[in-house]
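Look over the structure, then read on.

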Amino acid sequence: MNAQVYSYQRFSSPLQEKGTSLKRQTDYAIEVADRHGLRLNKDLVMTDKGLSAFHAEHVAKGALGIFIKAVEKGIVKAGSILIVESLDRLSRQTPWQAQTQFNELIGKGITIITANDDQVYNMKTLSKDPSKMFISIGVMMRAHEESLSKQKRSVKYIHKKIDDFEKNGKGDIAGSVPFWITRTKSGFELNKSSNTVKKIIEMYLNNTGLNLIARDLTLSKVKTPTEKNNSWGVTTIRKILDSKALYGCNSFKLSYLIDGSKISENHELKNYYPPIISEEYYNLIQERKKKKASSRESYKNSVYLLTSYGKGRSICAVCGQALGSQLQKQMNRKKEYTKSVLRLHCTKNKETSDCCSSVKSDELELHFIHAVMTNVENQLFESPRDNKDSIEAVQATIDKQEEKISALMSEFGESNISSIRKIAQKQIIEASKILEIKEKELENLKRKNSHEKIDEEQQKKIQSLAMKAQDFKNTNERSKLKQILMQSIKRIRIDLKTLELEAIFFNGRVLSILRKDGKFISNVYINDKNDNNIYRKLNNIE
């Protein structure tokens, strides 16, 4: 591509799109092109809408960033011309940052023409008239100071709104709201999309995987958050489940510059939005998601119960590398399909042939299903109810508060900014109070539940799920069981030579399956009154 004439226009506020900003910049570019006898190619007009030059968003994720990369790679040839309304369209960062970007473009042979003052910047004009450097720096200083002043006013306004909310429990700090919430004159309210969110939460807590949730919503033709189509994706479901707005919290980061350094304040305003669930059950969702991280619910229609639990969670007992499962089709001599056989293989042996060969695992899986069902927390087999006390939910809140306190302590110790230390200190005190309350609550729940036995109806449900999950064709039942196992099992070790299996649970229990005289025998080891597990001690398991 030969040298070309490019035009770049940008505005940072969506409101400017409704005004004359874009038209003004376009008209300027046309006028400059005519004045300098240049032909402006409409295909080379670049526009960044709603991207800030103060925070360099237009470089990080906009058209200007693509243009700069194209210049660096030589795709945009030396001698090309870039027309902008003013240098502040290119950057509103600190003058030295803006000057660096400016110099790099000029150094690559790009000519920059500013329409508002008809300045031409390139190596030739700057060499001939060095005073142009002072003009460019002056524009950059003014642009940064303007943005800095706006930022100070904006940050002051937000801080006041935060203080008002914390004092009165009401307020609106502006900004976008989740798609299931509508902003009204009197505050916020749940809209009809909240029913979709409630369904997602219910399905997830009822051990339905993200893929199946997305598939169900798509088949039911439920509108997506953007309402552009009815095709739901796992990423969208995950973002919804991640949102603290589910329990009414407005969680946001307030970032601003002080002496050229970026400062970030983390704010959490509870009871800001109408909640869909409690904070406790939000924490439960996050804990379950963490346990399932990097695991695979299924491969197409195949759900493997002995493998695919994530990195380091289903391993070969001989070499310590990952195990894999495969449903292998068997043929007769006429090359006709007869049946499918489930096999286990060591990934190391598959690559280097120096570990265990693959083995049939149908019988091991059947025994594993029945053995494991009696050692999974009973509450995982039913959908948690937000108004019911749950050991799992309370424990999840305790874990969350401990993580939060640890992170805040680090933030408090590492920052020398008084506003950040003040916010961190306040949140540490709040989290510590919640932690103390929840630890007492957990102790009471454990004492209460230690005397409760699983009811007959629940037992039948568990047995029914186990029976149906034995059939590889029952994908939904196997998926549900896999979801439960991903939340329950910390690690599985299998010796492919002896088919001995060891499953370590998050609750401390250890399931051991041995094969003796052609039959599988299982044993379960639980913690004693001192919370010590004999099996784990004998086998040196951490």
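Helices (H or I, at least four residues) and strands (E, at least two) are DSSP runs, numbered from the N terminus. This is a predicted model: local features need pLDDT of at least 70, side-chain atom pairs need pLDDT 80 or more, and totals for chains, interfaces and linings use all residues. Residues are numbered from 1 along each chain as its sequence is written, and side-chain values use heavy atoms, without hydrogens or water.

**Second largest pocket**
- Its volume is about 1,500 Å³, meaning the space filled by probe spheres set on grid points joined across faces, edges and corners.
- A pocket is an open set of points on a 1 Å grid over the protein atoms alone, where a 1.4 Å probe fits, with protein on both sides within 12 Å along at least five of seven lines; lining residues have an atom within 4 Å of a point.
- Among its 49 lining residues, Ser52, His55, Glu57, Ser154 and Ile158 are the closest to the centre.
- E8 gives the largest share of the lining, 8 residues.
- Strand E1 (5-11), helix H2 (21-35), helix H7 (131-168), helix H10 (234-242) and strand E8 (250-258) each supply at least two lining residues.
- The pocket lies between domain 1 (5-148) and domain 2 (175-294), because both give residues to its lining; the bounds come from an automatic or database domain assignment.

**Cysteines**
- The structure holds 0 disulfides (pairs of cysteine sulfur atoms within 2.5 Å).
- For Cys346, the nearest cysteine sulfur is that of Cys319, 3.5 Å away.
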